[in-house]
Amino acid sequence: MNKYLNRILLPVLLSFFVQNAVAQEPTTGFEEGNNQYVMRESNLSDIGTEKKIKPFTVGAEVGASIDMAGNDLSTFDVDLFGGYRSSNIKCLGLGVGLHNSFSSNRYYVPVYVLFRSNLLKDKSLLFVDFRAGYSSNQMCKGETQGGFFGAAGLGINLSVSKKFGSHLLIGYNFYQVSPFTDEKGAFQDINGNHLVSIRLGISF
């Protein structure tokens, strides 16, 4: 499992740091042909006022979830989300994911309501993340079942501006799963799947 995580998470982390380093520009200085000392609007540190924030946000996350029960149901996760945003609420909207098992043909497709909010009103480093909805699950090839999906997590804002943000999210995921018979004919007495996830995300 470690080799999968290294292949997935290390390149994503590197791309975020490179992107942030390239994208940053001086926030103050003299513009060419202008002797007036100015502050560039694109990197204003004061992003706490609601009028400077777009009321709608979209984003994506990529990461992995580790099966806590040892049922070989750990997954590689990709999620898309969008919704309302304010100075304190990072996102109140809808999300959809494709969470595919590393070692089998099993996968989950959750559709959920997402609520994500900063812990502090201005320039908060940490935020909370809650999700609830329905997941369509393929636990055996050709057989699909569905049930409740819920998640809760704590995130870190890596980069924040009025136009772009990146974050790291660690959380707990639950999928309602019923017992099933796998491809080898073995009965799997699983009544729910519990996972711990780590994800990197961006939003606009």
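Author: Start at one bridge. G171 has S197 in β12 as its bridge partner. Keep in mind that this is a predicted model.

Reader: What makes β9 and β12 a strand pair?

Author: Strands pair if there are at least two bridges between them. β9 and β12 have eleven, in the antiparallel sense. Therefore they count as a pair.

Reader: How do you know that β3 and β12 pair?

Author: The cut-off is again at least two bridges. Nine bridges join β3 to β12, and the two strands run antiparallel. Therefore they pair. In this pairing A60 stands opposite I202 in β12.

Reader: And what joins β5 to β6?

Author: Nine bridges join β5 (residues 89–101) to β6 (residues 107–118), and these strands run antiparallel. L92 stands opposite F115 in β6.

Reader: In what order do the strands of the barrel close?

Author: Eight strands close up in the order β3-β4-β5-β6-β7-β8-β9-β12, with antiparallel pairing. Neighbouring strands of this sheet are turned by 25° against each other on average, direction ignored. The protein chain as a whole has one helix and twelve strands.

Reader: Why is the pair of Y112 and F149 called tilted?

Author: First the distance: rings pair if their centres lie within 6.5 Å. The centres of Y112 and F149 are 5.6 Å apart. Then the angle: under 30 degrees is stacked, over 60 is edge-to-face, and the rest is tilted. The planes stand at 45°, so the pair is tilted. The pair links distant parts of the chain, with Y112 in strand β6 and F149 in strand β8, 37 residues apart. Y112 and F149 are both buried.

Reader: Why is the pair of F164 and F204 called tilted?

Author: The centres are 5.5 Å apart, with 55° between the planes. F164 lies in the loop between β8 and β9, and F204 in the segment after β12, so the pair ties together parts 40 residues apart in sequence.

Reader: Which residues do ring pairs link into a cluster?

Author: Y108, Y112, F149 and Y175.

Reader: What makes the phi of D72 worth a label?

Author: Phi of D72 is near 60°, a positive value in a residue other than glycine. D72 sits in the loop between β3 (56–67) and β4 (75–84). Its relative accessible area is 47%, so D72 is partly exposed.

Reader: Which residues form the nonpolar patch on the surface?

Author: L119, L120, L125, L126, L154, I156 and L158, with about 610 Å² of accessible area together. Strand β8 (residues 143–160) gives the largest share, three residues.

Note on methods. Residues numbered from 1 in each chain as written. Predicted model: local features only at pLDDT ≥ 70, side-chain atom pairs only at ≥ 80, totals over all residues. Heavy atoms only, no water. Patch = residues over 30% accessible without salt bridge, like charges linked within 9 Å, V, L, I, M, F, W, Y side chains within 5 Å. Areas by Shrake-Rupley, 256 points an atom, 1.4 Å probe, with all protein chains shown as cover. Salt bridge = Lys/Arg side-chain N within 4 Å of Asp/Glu carboxyl O. Helix = DSSP H or I, 4+ residues; strand = E, 2+ residues; numbered from the N terminus. Axes fitted to C-alpha atoms, helices over the stretch in contact; angles between N-to-C directions. Phe/Tyr/Trp six-rings, centres within 6.5 Å; stacked < 30°, edge-to-face > 60°. Buried < 20%, exposed > 50% of the residue type's maximum accessible area, 1.4 Å probe, protein only.
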